[in-house]
Amino acid sequence: MAIFGNHLAKWHLKSFLWIYAADLVLLAWLAHAGLDKGGGHALRVAKTALAAIGGPMVCAVSRDFQSCCLRFSLEVMKMALPILLAGILPQFVGPRDALWLRILRPVAWVAGWMGWFILGLMSMVHAVS
C-alpha cells in the first residue's frame, strides 16, 4: 500500500476549470465596474481577470502593486494558501481505495480551489473600494 501517489483524474481538471471560469467572470465584472474608467481601462480589466489564477494577489495586480493593495493581498494570502494546500494535498496522500479518502478528495479539491478564488474576489473588493 503506497502512502503517496497521484490520485488526479479528469474530474479534477474539469472542476478546476468550472470554478476558475466562474471566478474569471465575477472578477472581470467586478474589475469593470469598480476600477477607474480612465485610459487603459479595458487593458486593466483584462490584466486583472487573467491574474485570477493568483487568487488573493489579484488585488495587487489590479492596482499595479500599490503598497496598500500589495499588503492586503499578502495578508489574505496567509489565509488562502493553507486552504488551497488543504485541498490539494489529499490528492497525493493515502491509498487509492480507502473509502473515506475517496469521499474526502473531491470535497477537499473543490473547497480548496473555491476558497482560493473566493479570497481572491475578497481581495479585489479592497482594490475597488
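**Ground rules.** I'm working on a predicted model, where local features need pLDDT of at least 70, side-chain atom pairs count only at pLDDT 80 or more, and totals for chains, interfaces and linings use all residues. Residues are numbered from 1 along each chain as its sequence is written, and side-chain values use heavy atoms, with hydrogens and water left out.

**Ser15.** I started with Ser15, which sits in helix α1 (residues 10-34). Helices here are DSSP runs of H or I, at least four residues, and strands are runs of E, at least two, numbered from the N terminus. Leaving aside neighbours within four places in sequence, I find Ser15 in contact with Trp109 and Val110. Is Ser15 buried or exposed? It is buried, because its relative accessible area is 14%. My cut-offs are under 20% for buried, over 50% for exposed, and partly exposed in between (1.4 Å probe, protein chains only).

**Overall fold.** I then stepped back to the whole chain. I count five helices and zero strands, so the run of elements from the N terminus reads α-α-α-α-α. The C-alpha trace spans about 60 × 25 × 15 Å along its principal axes. Of the 129 residues, 42% are buried. I also looked at contacts between residues at least 6 apart in sequence, and 67% of these join residues at least 24 apart.

**Surface and charge.** The accessible surface comes to about 7,400 Å², and 77% of that belongs to carbon and sulfur atoms. Areas come from the Shrake-Rupley method with a 1.4 Å probe; for residues, only the protein chains shown count as cover. I noted 11 positive and 5 negative charges, with their mean positions 6 Å apart. Lys and Arg count as positive, Asp and Glu as negative, while His and the chain ends are not counted. Each charge is placed at NZ of Lys, CZ of Arg, CG of Asp or CD of Glu.

**Arg44.** Next I looked up Arg44, in helix α2 (residues 41-50). Arg44 counts as buried because its relative accessible area is 19%. Not counting residues up to four places away in sequence, Arg44 touches Leu35, Asp36, Gly38, Gly39 and Ser62.

**Asp64 and Phe65.** Which loop holds Asp64? I find Asp64 between α3 (58-62) and α4, and Phe65 is in the loop between α3 and α4 too. I checked backbone angles here, because most residues other than glycine have a negative phi. Asp64 has a positive phi, near 50°, and Phe65 has a positive one of about 60°. Asp64 is exposed at 53% relative accessibility, whereas Phe65 is partly exposed at 47%.

**Val93.** My next stop was the loop between α4 (67-88) and α5, where Val93 sits. Val93 is partly exposed, at 35% relative accessibility. Together with Leu8 and Phe92, Val93 makes a nonpolar surface patch of about 210 Å².

**Leu99.** Last, I turned to helix α5 (residues 99-128), which contains Leu99. Why does Leu99 count as exposed? Because its relative accessibility is 52%. I also checked the spacing to Ala111, 12 residues apart from Leu99 along the chain, and their C-alpha atoms are separated by 19 Å.

**Patch rule, for the record.** Patch residues have over 30% relative accessible area and no salt bridge; like charges are joined within 9 Å and nonpolar side chains (Val, Leu, Ile, Met, Phe, Trp, Tyr) within 5 Å. A salt bridge is a side-chain nitrogen of Lys or Arg within 4 Å of a carboxyl oxygen of Asp or Glu.

How values were computed: Contact = heavy atoms within 4.5 Å.
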